[in-house]
Amino acid sequence: MENNLPHNDFYYMARALRLAKRGLWSTNPNPRVGCVIVRDGEIVGEGWHQIAGEPHAEIHALKMAKGQTKGATCYVTLEPCCHQGRTPPCTDALIKAGISRVVVAMSDTNPVVSGKGIEQLINAGILVDTGVLSQESADLNIGFHQRMQHGRPYIRCKMAMSLDGRTAMASGESQWITSPDARSDVQALRARSAAIMTGAGTILADDPLLTVRENELPSHEFIPKQLNKPYRVIVDAHLSTPPDSRTLSAEGKTIIFTASTSTGVKTMLEKAGATVISLPQKGGHDIDLVEMCRILATDYEVNELLLETGATLSGSLLRAGLIDEIIIYMAPTLMGNNARGLFNLPELQMMDQRLHVDIKDIRAVGCDWRITAIPRYDK
C-alpha cells in the first residue's frame, strides 16, 4: 500500500513519529502517539500524547488547528481510539472537525480498538489510508503491542561488561565498569520502562534505588514535564531482601515476587512498603517466571520491563525464553579470568547448544560501545 501513496504522506508521518517520541518517558501504560494535521499543504496542527489520562495526540493537534480542519488530512501514528476510556473517543473528534482524510501508520493492537476506529472513520465518509511507516510505529510501542498480543511485557536485559565479557570482579565489585555517558544512556532506558527488575542478590550486594535519576538523563533528549515512575520489581525466591533496603523507601511502588511461605518476613516487607506476591516454583526456576510476567502485564499494565541484574536471574529468564532484547554496554577494559560473566547458562556444554542472537545495532556511547541484540530462541 505504501508505494501507491503520495510522497508527502511519508514526510508528515515521519513528523508525527518524531512528535510521538516525545512521549517516550511519560505515557505508560498508554502507547506513544503523534499526530499532524495538514490543510492545503501546510501544517495547521500537531500534537502528541503526553501523559496517560490526559488528551490524546489527535486532540492536541485539533486544538492547535483552531478550526482549520475542514477538508484537512490527519496523520496519526496509531489508529485513533473509538471508545470512552479516561478520555473521549478521538474518532468522534476527528469526524466533528470535518477531517476528510486520515493516514494511519498502523492499526491498534488493543482489541477494544483494533480496526474499529478505522471502521468508524470510513463509515463517516472519511478516506482512510494505512501502513505508512508502520514498522517505525510498531517499534516505538513494541512493549504495548506485546502486552496486547501476548499478555506479557517486552523485556530488555541491560548489562555492562568489559572487553573480555566480564560484568564484575570475583569479589562482586562492579561500580563502575562503564563511563558516565553510558550510565546516562541507561537512565533513558529506565525512563521509558514501566518497570525495572533485579534479583535479591543485587539488592544484597549493591542496595540500589532502582529509580530514574533525572539529573543524569541525556541533555539532547526531550524531557517531558512529568516522567514515568517505573515499578521496582525484585525477584527474591527466599525473601532475603532487607526491610531497610533503599528501594523500599523510594518514591513509587516496589513489587517482590517470591516462592517463600514465610508470613513473618512477608509482613515485615509489606510494612516497609513492598507488595509481596508469592508464586510456586516451576520449570526448574526458583519461581514461575511466566506467571510473574503475566501478572506484571495484566495487573500492573507493564509494557516494557528493564532487567538490571546479575548472571543468575538473567540466565534464568534467558533460558525461559523471556528476554526479548539484550543491551550490552562494552567498556574498553579487561577484567581477567576470575571476573564474573554475563549469563549463568551451565547447561550449555557443546557448540550446537549455543544461543544465537541477531545484532540489531552497534554504536559508540562516550568511550564505550552499546550493542543491541535480539535472542533467537528457534536455534
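Good morning. A residue is called buried when its relative accessible area is under 20%. That term will return throughout this talk, which concerns a predicted model.

I begin with the charged pairs. Across the whole structure, a search finds 17 salt bridges. In one of these, the side chains of Arg-190 and Glu-308 meet with an N to O distance of 2.8 Å. This pair links distant parts of the chain, 118 residues apart: Arg-190 belongs to helix H7, residues 180-192, while Glu-308 sits in the loop between strand S11 (304-307) and H12. Arg-190 and Glu-308 are both buried. Salt bridges with shared partners also join Arg-32, Arg-156, Arg-192, Glu-304, Glu-325 and Lys-360 into one network.

Another salt bridge is formed by Asp-324 and Arg-152, whose closest N and O atoms are 2.9 Å apart. Here the two residues are 172 apart in the chain, and each lies in a loop. The loop of Asp-324 runs between helix H12 (311-319) and strand S12 (325-330); that of Arg-152 runs between helix H6 (142-150) and strand S6 (154-161). Asp-324 is buried, as is Arg-152.

The next example is the pair Arg-15 and Glu-46, with a closest N to O distance of 2.7 Å.

I turn now to the second largest pocket, which has a volume of about 1100 Å³. There are 30 lining residues, and those closest to the centre of the pocket are Leu-24, Arg-192, Glu-221, Arg-363 and Arg-370. The elements giving two or more residues to this lining are H1, helix H5 (134-140), H7, S12, strand S13 (356-365) and strand S14 (368-376). Which element gives the most? That is H7, with six residues. By class, the lining of the second largest pocket holds 15 charged, 11 nonpolar and four polar residues.

Just after H4 comes Gly-125, with a positive phi of about 90 degrees.

Finally, I present two loop residues. Ser-162 is placed in the loop between S6 and H7, and its relative accessible area is 0%, so Ser-162 is buried. Leaving aside residues up to four places away in sequence, Ser-162 touches Ile-177, Met-330, Ala-331, Thr-333, Leu-334 and Met-335.

Gly-310 is found in the loop between S11 and H12. With a relative accessible area of 29%, Gly-310 is partly exposed. Again leaving aside residues up to four places away in sequence, Gly-310 touches Met-159 and Thr-202. The C-alpha atoms of Gly-310 and Ile-323 are separated by 14 Å, and these two residues are 13 residues apart along the chain.

Thank you for your attention.

Terms used. Residues numbered from 1 in each chain as written. Predicted model: local features only at pLDDT ≥ 70, side-chain atom pairs only at ≥ 80, totals over all residues. Heavy atoms only, no water. Salt bridge = Lys/Arg side-chain N within 4 Å of Asp/Glu carboxyl O. Helix = DSSP H or I, 4+ residues; strand = E, 2+ residues; numbered from the N terminus. Buried < 20%, exposed > 50% of the residue type's maximum accessible area, 1.4 Å probe, protein only. 1 Å grid on protein atoms, 1.4 Å probe; cavity = no way out; pocket = protein on both sides within 12 Å on 5 of 7 lines; lining within 4 Å. Points joined across faces, edges and corners; volume = space filled by probe spheres on them. Nonpolar A, V, L, I, M, F, W, Y, C, P; charged D, E, K, R; others polar. Contact = heavy atoms within 4.5 Å.
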